[in-house]
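Subject: A structure for you to look at

Hi there,

Here is the structure I promised to pass on.

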Amino acid sequence: MDRLRALEVFVEVVKRDGFARAAEALDTSPANVTRYISDLEAHLQTRLLNRSSRKMSLTASGEALLERAKSILDDVAEAEAIVSSATLQPHGVLRINAPLSFGVLHLAPLWAKFMRLYPEVRLDVLLIDRVVDIVEEGYDMAVRISRAGSTANVARKLATSQNVLCASPDYIQQRGMPQTPAELLQHDGIGYSYAASADEWPMLDANGQTHTVKMPCVMHTNNGDTARAAALGGLGVIWQPTFLVGADLRAGRLQRVLPDYHMPDMDVLAIYPSRRHLSAKVRVMIDFLVQELAGTPPWDRVA
């Protein structure tokens, strides 16, 4: 028995909810599908599927095997893609989506280096802060800043960015430095419209306890640079990542607020639709970004 093929057939039967539909998708006969499932059950000495003339369902053993089988098939597909792409010269248009501020500050300086390494690749980069459907909108990949990762696509971590509370020295001199999260309620906030937690700002103390403040915001914006500019102008307190405000903190243009409290970090992710048939141009771009952002990321390095 070809065990890898048997796992592929098993996954397809579950996905298509039937032997006949799985056979059609796999371009084989229902009899072959039945034989693969029977041989797999015999090899594992357990029933994987409860089947009748009207419906089919997974047994407990089938449920246990399903996710592992999917993972094995993805690993095999990725290994094949690595070998295949290694023999291909990356070429063609590579459409990338990335957040506006991060794209301007930290990706734009890398594009010339990448294109010198891979002159046959032409970049088409769109910077926009909203989360896009990369398949539906025709992107090859995206760079995304997220705490939640991606459930619809494959994600590879590139780096981590700290989130910090900060304000201008002028603002702090006028309004005072808050000593506890509760004291933030006496201050003005500048809210980020795309934040998953809206105006509820969570922070962890030294004991790991979470303190969440419903921040009174005098301004909202869907752009981090706008929030940063408002904070530099003394308008209020912002909650932003170090990739945006790190240089301001080092230069003293902004000051940390509640430095003893830790804000949830953000992952910088490369998002792409599938491990299967990953093109050479996407693979070399992801590997390039991993190498460029390795170790301490540029926004946290001190010159």
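Before the tour, one term: a helix here is a DSSP run of H or I with at least four residues, and helices are numbered from the N terminus. Please also keep in mind that this is a predicted model.

Let's begin with helix α1, which covers residues 3-16. Just after α1, aspartate 17 takes a positive phi of about 55°. The 14 residues of α1 reach 20 Å from the first C-alpha to the last, close to the 20 Å expected at 1.5 Å a residue.

Which residues of α1 are buried? They are Ala6, Leu7, Val9, Phe10, Val11, Glu12 and Val13.

Next, find asparagine 163, which lies in strand β7 (residues 163-167). Is asparagine 163 buried or exposed? Its relative accessible area is 7%, and because buried means under 20%, asparagine 163 counts as buried. The side chain of asparagine 163 reaches the backbone oxygen of proline 264 at 2.8 Å. Not counting residues up to four places away in sequence, asparagine 163 touches Trp239, Gln240, Pro241, Met263, Pro264, Asp265 and Met266.

Strand β7 gives the most to its lining, with 3 residues. By class, that lining has 6 nonpolar, 1 polar and 1 charged residues.

Finally, turn to the largest pocket, with a volume of about 810 Å³. How many residues line the largest pocket? There are 35, of which Ile145, Tyr192, Tyr194, Ala195 and Met266 lie nearest its centre. The elements that give two or more residues to this lining are β3 (92-98), α5 (100-117), β5 (141-146), β8 (189-192), β12 (237-241) and α8 (242-251). Strand β5 gives the most, with 4 residues. Sorted by class, the pocket lining has 21 nonpolar, 10 polar and 4 charged residues.

Enjoy exploring!

Best wishes

Terms used. Residues numbered from 1 in each chain as written. Predicted model: local features only at pLDDT ≥ 70, side-chain atom pairs only at ≥ 80, totals over all residues. Heavy atoms only, no water. Buried < 20%, exposed > 50% of the residue type's maximum accessible area, 1.4 Å probe, protein only. Polar contact = N/O pair within 3.5 Å; in protein donor to acceptor, adjacent residues only side chain to side chain. Contact = heavy atoms within 4.5 Å. 1 Å grid on protein atoms, 1.4 Å probe; cavity = no way out; pocket = protein on both sides within 12 Å on 5 of 7 lines; lining within 4 Å. Points joined across faces, edges and corners; volume = space filled by probe spheres on them. Nonpolar A, V, L, I, M, F, W, Y, C, P; charged D, E, K, R; others polar. Expected span 1.5 Å × (residues − 1).
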